[in-house]
Every structure is written in C-alpha cells, then in structure tokens.
Amino acid sequence: MESVYLFSSGTLKRKANTICLESEAGRKYIPVENVMDIKVFGEVDLNKRFLEFLSQKRIPIHFFNREGYYVGTFYPREYLNSGFLILKQAEHYINQEKRMLIAREIVSRSIQNMIDFLKKRKVQADSLTRYKKKAEEASNVSELMGIEGNAREGYYSIMDNLVSDERFRIEKRTRRPPKNFANTLISFGNSLLYTTVLSLIYQTHLDPRIGYLHETNFRRFSLNLDIAELFKPAVVDRLFLNLVNTRQINERHFDEISEGLMLNDQGKSLFIKNYEQILRETVFHKKLNRYVSMRSLIKMELHKLEKHLIGEQVFGSEE
C-alpha cells in the first residue's frame with residue numbers, strides 16, 4: 001500500500017468504490033484497494049459522505065498548506081484499538097523510569113543512525129559518539145531533548161561538508177519559514193516522514209497521541225514524531241544529499257515567500273517521487289532472512305514498541 005499525493009485543486013468525492021478528484025483538468029479516479037493514505041497539497045472541497053467513505057476504507061487524509069507545512073489529519077476511527085495497550089502506553093508515559101527507557105533508546109539510536117549515515121560516506125563523527133554517551137547517561141526527558149538537539153546541530157554541520165553545491169548548505173537549522181534551500185528541503189521531508197509514520201501507526205494497536213520523547217500534551221499527535229527521529233538519516237537526509245549532489249534539484253524548484261522559501265509544485269513533485277522510491281527500496285533483514293522495504297522497517301519498529309509495552313520484548317533489542 002502506498003500514499004496518494006494530490007496537488008490539483010478541486011472537489012474530492014466518492015464514486016462507487018473509488019476516490020474521484022474533479023478539477024478543471026477533468027476527473028481523476030483513484031481505486032482505494034492499495035491506498036495507505038492521501039496527502040493533499042492543493043485546495044480541495046469534500047463532504048461528510050466522502051469522509052465516511054475514507055473511514056470505512058480506513059484511509060487517513062493529511063492536509064498541507066501552500067508552503068508545504070503539515071496542517072492536520074482526518075484520522076478515521078481506530079479499528080485496531082486495544083484498551084489494554086492504551087493503558088500500557090499511558091502507564092509507560094506516567095512512570096518516569098519506564099518513559100525514560102523508551103525516550104533514551106530513541107535518542108541513542110537516532111544519534112547512532114546519524115553516525116552510521118556519516119560512516120557510510122567515510123566521515124568520522126567523534127562528537128556524535130560523545131553525545132550518544134551523554135544520552136545514555138541522561139536523567140530526564142528534558143535533558144535528552146537538549147542532547148538530541150545539540151547532536152543534530154553538530155550532525156548537520158558535518159553534513160554540510162558532503163554537499164557539493166555551497167548554495168545548498170544547511171548552515172543553521174531554520175523553520176517556519178525555512179531561510180535557505182537546504183532547510184526548505186529538510187523541513188518538507190520531515191513533514192512527509194511524520195505523516196508516513198502516523199499512517200503506519202494507524203495500522204497498529206498504538207495510540208499516536210501518546211509519545212515518550214516528545215511531550216504528550218495539547219499536540220494532537222506525538223508518537224509519530226518519536227519514531228520518525230529514528231528514520232530521518234536513512235530517508236530525509238539521504239534524499240536531501242542525493243537530490244543536491246546529483247543536481248536533480250536547483251533554485252528553479254523554489255519560490256520566495258515572506259521571510260523565507262518554499263518548494264514550488266515542481267519541486268514538491270520531484271521530492272515526493274524520490275521520497276516514495278526510498279520508502280519502496282528493500283534491504284536485507286538478517287533476522288527475517290528476507291528483503292523488506294523501508295516502509296516495512298518503520299512498521300516493524302512500531303511493532304517492537306507494542307511488544308515492549310506489553311512486556312514481550314525490550315524496545316531496541318533484537319527479536
């Protein structure tokens with residue numbers, strides 16, 4: 001199952017057992033059988049009947065604004081909800097020792113994945129190794145968040161040395177709006193990854209509102225932000241370097257907005273095409289003795305967390 005991306009403006013309707021986008025260009029029909037989720041970038045109208053159809057077919061729909069920022073999600077009624085697991089999720093959040101075990105594992109492995117990403121490109125990252133050790137010794141979540149932020153800042157600084165075009169260096173991380181080409185690409189990629197993880201959470205017994213590294217408060221979802229941290233290097237950062245260093249993307253793919261930049265529709269389409277290719281790519285999984293896609297690896301991570309919460313497996317350990 002894969003994502004459907006909509007850039008055209010128009011009206012979304014149900015037509016028999018398909019999704020129909022009516023626009024000035026005509027009608028586009030989308031069979032629902034292989035749709036994991038829908039990501040909407042255009043201006044669309046829809047009605048309750050259409051949302052009922054998505055809920056029946058268990059398809060989340062994510063909305064992005066003109067600049068490519070994530071706006072919100074229609075999250076259909078959960079069909080795999082488990083009261084027992086939700087209680088376990090809450091228990092592991094309220095109990096600070098249990099919460100720290102999960103949050104520490106997320107930060108520690110996130111930093112290790114940054115290190116591995118750089119090592120594959122023959123770059124040493126001793127400073128990141130020190131941050132990983134600090135994460136393993138952290139005593140609270142606030143401290144962990146600070147360590148993760150400092151590690152990522154150092155990581156991006158090292159990554160700049162791998163960028164072939166100096167116009168696409170990250171320099172300093174900026175958001176809403178991003179101030180340069182690199183930050184625009186990374187922010188857009190992170191938004192896509194957050195919604196991909198959210199859609200995969202919907203296919204598990206987990207509740208996306210209860211996270212462990214990111215605070216569970218008035219934010220609608222936080223667990224997807226936690227899990228996405230583990231995959232940013234292998235998905236978003238890899239894609240950023242590939243697009244820039246192969247010169248597939250350049251300044252014509254961006255538009256200026258108030259105090260910053262955004263990807264135009266051509267740039268978004270190019271980024272998304274390559275993003276989906278990475279999610280479909282397969283790697284050999286030694287424990288399973290078979291090839292699995294990146295999207296499957298993300299879902300497997302969610303299942304590992306489920307097993308940890310019910311006491312079947314320690315999060316981060318190998319099965």
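These notes cover a sheet, its packed helix and the aromatic contacts of a predicted model.

1. **Sheet order.** Four strands make an open sheet, ordered β4-β3-β2-β6, and the pairing is mixed. The edge positions go to β4 (26-31) and β6 (44-45); each has a single partner strand, so one side of each lacks a neighbour in the sheet.

2. **The β2/β6 pairing.** Strand β2 (residues 10-15) runs parallel to β6, and two bridges join them. Gly10 stands opposite Val44 in β6.

3. **Helix on the sheet.** Helix α1 (residues 48-57) packs on this sheet and touches β2 and β3 (18-23). The directions of α1 and β2 make an angle of about 55°.

4. **Aromatic pairs.** The structure holds 14 of them. One is Phe64 with Tyr70, edge-to-face, at 6.0 Å centre to centre and 70° between the planes. Phe64 has 5% relative accessibility and counts as buried. Tyr70, at 28%, counts as partly exposed.

5. **A stacked pair.** Phe168 and Phe181 have ring centres 4.9 Å apart and planes at 25°, so they count as stacked. Phe168 lies in the loop between α5 (141-159) and α6 (181-201), while Phe181 is in helix α6, so the pair ties together parts 13 residues apart in sequence. Both Phe168 and Phe181 are buried.

6. **Cluster.** Phe64 and Tyr70 also belong to one aromatic cluster with Tyr5, Phe7, Phe41, Phe188 and Phe271.

7. **Charges over rings.** Arg121 places its charged end over the ring of Phe117, 3.8 Å from the ring centre. The charged end of Arg109 sits over the ring of Phe315, at 5.2 Å from its centre.

Notes: Residues numbered from 1 in each chain as written. Predicted model: local features only at pLDDT ≥ 70, side-chain atom pairs only at ≥ 80, totals over all residues. Heavy atoms only, no water. Pairing = 2+ DSSP bridges. Contact = heavy atoms within 4.5 Å. Axes fitted to C-alpha atoms, helices over the stretch in contact; angles between N-to-C directions. Phe/Tyr/Trp six-rings, centres within 6.5 Å; stacked < 30°, edge-to-face > 60°. Buried < 20%, exposed > 50% of the residue type's maximum accessible area, 1.4 Å probe, protein only. Lys NZ or Arg CZ within 6 Å of the ring centre and 35° of its normal.
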